[in-house]
Each structure stands twice: as C-alpha cells, then as structure tokens.
Amino acid sequence: MRMAIDLRSDTVTRPSQEMRDAIASAPVGDDVYGDDPTVNSLEERVAHLFGHEAALFAPTGSLANQLAIRMLVAPGEEIIAETNSHIVRAELGAAAVFSGITTRTWPAVNGLLVADDALNIARPNSGPYLVSTTAIAVENTHNFGGGTVQPLAQIEKLRAGANDLGLALHLDGARIWNAHVASGVSFKDYGKNFDTISVCLSKGLGAPVGSIMISTKERVARARVWRKRYGAGMRQIGLLAAAGHFALDHNIQRLSEDHRRAKDLAVAIAAINSSLIDPTTVETNIVGLDLSGLPISAAELATRCKESGLWISALGPKYARLVTHLDFDDAQCAQAIEILQRALKV
Ligand SMILES: *Cc1c(COP(=O)(O)O)cnc(C)c1O
C-alpha cells in the first residue's frame, strides 16, 4: 500500500536527511544562560532579516504570538483582529487566560486586510468606562482566509492610521515566508510596519519545531522573562535552531512550488464544481473549499478522501482545507486530484 498523501497542514512535513545532519552537528550550549551559539545566531539572523533589533526562539507560534502581544497590551486592554484570525480562534483564549487581554474583531472576506475595517473599530483611550484598544493584529498570510496575502499598501495605511491613534501593530507571520514568495515584498518592508512579529519555522519551511518572536531589545528582554515564567526556558536547543538555519538557507524560495501545486489543485477542483473554490483566490499554499453548494459535509468529504489515501482537514461543517508543503510532489498532486474527482462526485 502506498503512503497516504497528507494535506491536512503544512506542519506534517518530516525533516530531510540534510536537515537532520545539520541538527546533529550543531554547536550547542545552555540557552537559559544565553550560551547556545546556534540559538543566538538564529535569533540575530531573523531579527536582522526583518530589520528589527532582537528576537527570541519559542517552541510554538502560539507562544511567540502570546509573548509578543503581552508586550504590547496591558491586562484589561484589548487587541483587535480579524474574526477568523489564529490569535482569536486557534490559541484557545490564551490572550485572555494568560494576559488578561480581551479581543474584538472585524470580519473580512477571505481574511483580506482592509485598513479601514480595523481603524473603524479601534477605540484607543476609551476612558474609565469602556475598554481601550492598544494594539491591532494582522495575519499574513491569513490561514483560515485561505492563505491570503495581505497587500503592502493596506499594511502601510494601517501603520499610518495606527500611528495617528497611538496603537501598536503585531504581525502574526506564521506564513510570512509564503507571503514574501508570492508578493515579492521584502521581509524588511513587512517588518518595518510592525512593532512585534512572530514567524514559524515549522510550517512551510519544514523545521520540526520552532517559532521566533521579533521586536525591540527591550521587549525581547521582557519576553525572555515571560517565556521562562511560562516554563519554556529551554537548554541545548541549538539542535532545533540548527533546523531553523537550514530551513532559512534552503526552503524559502521553493515555496513557489507549493503555491503552484495549490493552484493546480484549486483549478482541478473548480472544474469539478465551481462553487467549491475560485482558483484566482489561491495565492499561496492553502486551498479552502466551501461545500455549502454540495449535499455533503466537510467531515464526510474528509472521510471519503481518507478512504482513498488522501488526508484533508474539515475545519467547519462546510469548510474543508488542503495545504501543500515540502513533502508533497507533482506525482502526489496528480493522485490527489484523481481522488478528489472521485470523492466530489455526488
Ligand atoms: C500555525 C499558526 C500559528 C502557530 O501555531 P503553533 O501550532 O502554536 O505553532 C500562528 N498563527 C498562524 C496564522 C498559524 O497558522
């Protein structure tokens, strides 16, 4: 029997032999003492890449997000974000549970950023009776929006508006690598518009573990204390940082292949039933399917596909998601299309 084709997420990749070799030979030290040279060089490298002063390795993107927004927003204040953003929907209320931060949201079609949507609901300095907004979060690319790339012009407009209102901006850049490859916008041009940034090494870049929080020296020093307080002060994690270095060296530009295969999947699926997806909305590696025009649920579709050896995610009653990645090649793409053609025949 052949191996299942796994398109549930871009987190399912396994480290290549070359990445494992880089892990095995990494110089390490105790990172809680600041002694791990591979972690230190990775933090410096990523901070520099985005034009910021400092960075902090975190085991997960959720923790990198939570450390970042904790540095921007005080207890009892709010961060505003798009309705389907990861910070709001997929971090299990961490901002409220850990930091006393509340959220308010604006809805956006495909998660696409329109600066005025955010600025119109921002309420800074709300006085003694109402919650004050202190930060805005932007997700790029937007995961549940279907891998949407946020337009630089809207980001810049949001930055200018946030400056006028005295608000901070956080970038959830778990897939900023995909945004960069799809748009050609440099990491520095993204970076300069945000006060804090989180990026993931374990999504499209294929590292087994790791995210980085990026900001000023002062915020990163404070976040380092909070990381330890949360129990995520780690020791010889140069082993993990080495995978991050390897991923940055080898796995950024190849994301364009993931994007091409996602587009191929979308075009093939739209040919089966055009209500499932508009292929022009697929800009990166995520293919979100709207099953509201079909008599089957997303869970039923996922079950049918699984029986044929294709794993996809059912993320809502009528929303299914396929994500292309480093361990998914052209031959598997052709097989996946055949399986979908059979599964979607209703
Ligand atoms: C995956 C992801 C994260 C981080 O997730 P972890 O599983 O905690 O590493 C953050 N933001 C977005 C948009 C993501 O897709």
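**Starting in a loop**

Author: Let's start at N110, which sits in the loop between β4 (102–106) and α6 (115–121). Those labels come from DSSP runs: helices are H or I with at least four residues, strands are E with at least two, and both are numbered from the N terminus. Bear in mind that this is a predicted model, where local features need pLDDT of at least 70 and side-chain atom pairs count only at pLDDT 80 or more, while totals for chains, interfaces and linings use all residues. Residues are numbered from 1 along each chain as its sequence is written, and side-chain values use heavy atoms, with hydrogens and water left out.

What stands out at N110 is the backbone: its phi is near 55 degrees, a positive value in a residue other than glycine. Most residues other than glycine have a negative phi, and most peptide bonds are trans. N110 has 38% relative accessibility, so it counts as partly exposed. For that scale, buried means under 20% relative accessible area, exposed means over 50%, and partly exposed is in between, using a 1.4 Å probe and protein chains only.

You can find another positive phi at L92, again near 55 degrees. L92 belongs to the loop between α4 (86–89) and α5 (94–99), and at 80% relative accessibility it counts as exposed. T141 itself lies in the loop between β5 (133–139) and α7 (152–165).

One more loop residue before we get to the helices: G76, found between α3 and β3 (78–82). With 49% relative accessibility, G76 counts as partly exposed. Setting aside neighbours within four places in sequence, G76 is in contact with G100 and V131, where contact means heavy atoms within 4.5 Å. Its C-alpha atom is 23 Å from that of M213, a residue 137 places away along the chain.

Now for how the helices pack. Take helix α3 (residues 61–72) and helix α10 (residues 217–229): their axes come within 10 Å and cross at roughly 125 degrees. Axes here are lines fitted to C-alpha atoms, for helices over the stretch in contact, and angles run from 0 to 180 degrees between N-to-C directions. That makes α3 and α10 oblique to each other; angles under 35 degrees count as roughly parallel, over 145 as roughly antiparallel, 65 to 115 as roughly perpendicular, and the rest as oblique. On the α3 side you have L63, L67, R70, M71 and L72, meeting R219, R222, A223, W226 and R227 of α10. Sorted by class, that contact has six nonpolar, no polar and four charged residues. In this sorting, Ala, Val, Leu, Ile, Met, Phe, Trp, Tyr, Cys and Pro count as nonpolar, Asp, Glu, Lys and Arg as charged, and the others, Gly among them, as polar.

Helix α2 (residues 37–49) and α11 make another pair, with axes that come within 8 Å and cross at roughly 40 degrees. Here T38, V39, S41, L42, R45 and V46 in α2 meet G238, A241, A242, G244, H245, L248 and D249 in α11. This time the tally is six nonpolar, five polar and two charged residues.

What about the inside? The largest nonpolar core has 50 residues, and those with the most contacts inside it are F50, I136, L158, W177, V199, L201 and I212. A nonpolar core is a set of buried Ala, Val, Leu, Ile, Met, Phe, Trp, Tyr and Cys residues joined through side-chain atoms within 4.5 Å. Helix α11 (residues 238–250) gives the most to this core, with five residues. Zoom in on W177 and, beyond four places in sequence, you'll find contacts including L49, F50, F187, V199 and L248. There is also a second, separate core of 32 residues, which includes L265, I277, C305 and C333.

A343 has 7% relative accessibility, so it counts as buried. Apart from residues up to four places away, A343 touches I296, L301, R304 and C305.
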